[in-house]
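This briefing is for a reader meeting the structure for the first time. Please look over the sequence and the model before reading on.

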Amino acid sequence: MRRYGPAVLLLLTGGAVLRIALFSELYLRYVQEGLRPYLVVSGVVLVLLGVVAAVARGRGETDDHEYDGDDHDGGYHDGDDYDGGDDGHGHSHGHGHGHGHGPRVAWLLTLPALALLLFPPPALGSYSADREAAQRAAQGVGTFPALAAGNPLELTVGEFSSRAIFDSGRSLKGRTVRLTGFVTHGDDGAWYVTRLLVSCCAADASTSKVEIRDADAPVTDTWITVTGTWVPKGKLGSDAAWPPVLDARSVKKVAEPSNPYEKR
């Protein structure tokens with residue numbers, strides 16, 4: 001059975017990739033939406049390779065049995081010297097068939113594939129956000145494009161942060177905005193609505209967060225939509241302006257979106 005190990009590993013890995021990319025939207029926990037076709041193709045290729053490997057192994061095993069049957073007459077005959085280490089069928093008692101079986105510990109390689117198939121890991125959350133250094137856009141202070149009319153205005157956490165820190169036109173002043181993200185807590189008792197921003201995948205994620213005031217703090221990692229107004233803080237473009245502040249008017253718990261990341 002061990003000879004089928006590589007085929008099983010390929011099938012499990014391919015099945016796991018197809019499960020998160022073709023049959024669900026779980027892939028959005030790890031990569032950007034535009035990478036879905038590549039994941040699907042990769043999963044299909046892995047499954048096909050697994051099937052081919054299994055068929056090839058099966059045929060090889062059949063050929064070995066046929067060879068062993070043909071070789072039964074090639075053992076010990078009258079008049080031949082008999083070697084006590086031979087069983088009379090051309091095989092030594094050490095069963096030296098030449099079949100290269102890998103160590104059983106190699107089956108542990110299937111565990112990551114099984115874990116991804118059965119228990120896909122969650123998206124990055126507060127733990128990753130807390131470990132992230134304060135990374136802000138490499139841009140100077142300047143004017144931003146005008147915001148759309150109407151209140152409240154739906155903004156991403158990243159866009160709100162950029163405007164609050166760098167917009168010399170103060171486009172957020174007097175506007176009611178609505179932000180959606182998950183809750184993180186600071187050491188000083190402050191709490192934040194937070195999002196992780198990605199360019200390609202979860203590996204390059206960075207944090208964007210907004211301090212929320214005048215509202216009770218939900219539990220860490222709770223997804224919320226918060227509505228409120230910007231509170232100017234510090235000199236534009238300086239560390240004192242980060243993180244920006246929102247004076248909350250309402251905080252509502254919401255379900256985690258299928259794509260938990262914001263795009264840079």
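Which residues make the nonpolar surface patch of about 510 Å²? The patch is formed by Leu108, Leu111, Leu114, Leu118 and Phe119. The model is predicted.

**Overall make-up**

- The protein has 5 helices and 7 strands.
- Read from the N terminus, the order of its elements is α-α-α-α-β-α-β-β-β-β-β-β.
- Of the 264 residues in the protein, 36% are buried.
- The accessible surface of the protein amounts to about 15,200 Å², and carbon and sulfur atoms hold 56% of that surface.
- Among contacts with a separation of 6 or more, 68% are between residues 24 or more positions apart.

**The nonpolar patch**

**Helix α5 and its cover**

- Helix α5 spans residues 157-166, and 9 of its 10 residues are buried.
- The buried residues of α5 are Val157, Gly158, Phe160, Ser161, Ser162, Arg163, Ala164, Ile165 and Phe166.
- Strands contribute to the cover over these buried residues, including β2, β3 (191-198), β4 (206-213), β5 (223-231), β6 (245-253) and β7 (261-263).

**Salt bridges**

- Side chains of opposite charge can pair when their charged atoms come close.
- The model has 3 salt bridges.
- One of them joins the side chains of arginine 178 and glutamate 154, at 3.3 Å from N to O. Arginine 178 belongs to strand β2 and glutamate 154 to strand β1 (residues 153-154), so this pair ties together parts that are 24 residues apart in sequence. Arginine 178 is partly exposed, at 28% relative accessible area.
- Another salt bridge links arginine 163 and glutamate 159, with 3.3 Å between the closest N and O atoms. The two residues are 4 residues apart in helix α5, so about one helical turn separates them. Arginine 163 has 6% relative accessibility and counts as buried, whereas glutamate 159, at 32%, counts as partly exposed.
- A further salt bridge is formed by glutamate 211 and arginine 213, whose closest N and O atoms are 3.2 Å apart. Glutamate 211 is buried, with a relative accessible area of 12%. Arginine 213 is partly exposed, with a relative accessible area of 38%.

**A buried arginine without a salt bridge**

- Arginine 175 lies in the loop between α5 and β2 (176-185).
- What is the nearest side chain of opposite charge to arginine 175, and how far away is it? It is aspartate 167, at 9.7 Å.
- Arginine 175 is buried and has no salt bridge, because a salt bridge needs a side-chain nitrogen of Lys or Arg within 4 Å of a carboxyl oxygen of Asp or Glu and the nearest side chain of opposite charge is 9.7 Å away.
- The side chain of arginine 175 does make a polar contact with the side chain of asparagine 151, at 3.2 Å.
- Beyond its neighbours within four places in sequence, arginine 175 is in contact with Leu147, Ala148, Ala149, Gly150, Asn151, Leu153, Gly228, Thr229 and Trp230.

- Serine 206 is part of strand β4 and, at 6% relative accessibility, counts as buried.
- Serine 206 and tyrosine 261 are 55 residues apart along the chain, and 9.9 Å separates their C-alpha atoms.
- Tyrosine 30 is located in the loop between α1 (5-21) and α2 (36-70).
- Is tyrosine 30 buried or exposed? Its relative accessible area is 19%, so tyrosine 30 is buried, the cut-off for buried being under 20%.
- Tyrosine 30 and valine 198 are 168 residues apart in sequence, and their C-alpha atoms are 9.5 Å apart in space.

Notes: Residues numbered from 1 in each chain as written. Predicted model: local features only at pLDDT ≥ 70, side-chain atom pairs only at ≥ 80, totals over all residues. Heavy atoms only, no water. Buried < 20%, exposed > 50% of the residue type's maximum accessible area, 1.4 Å probe, protein only. Lys, Arg positive; Asp, Glu negative; His and termini not counted. Polar contact = N/O pair within 3.5 Å; in protein donor to acceptor, adjacent residues only side chain to side chain. Contact = heavy atoms within 4.5 Å. Patch = residues over 30% accessible without salt bridge, like charges linked within 9 Å, V, L, I, M, F, W, Y side chains within 5 Å. Areas by Shrake-Rupley, 256 points an atom, 1.4 Å probe, with all protein chains shown as cover.
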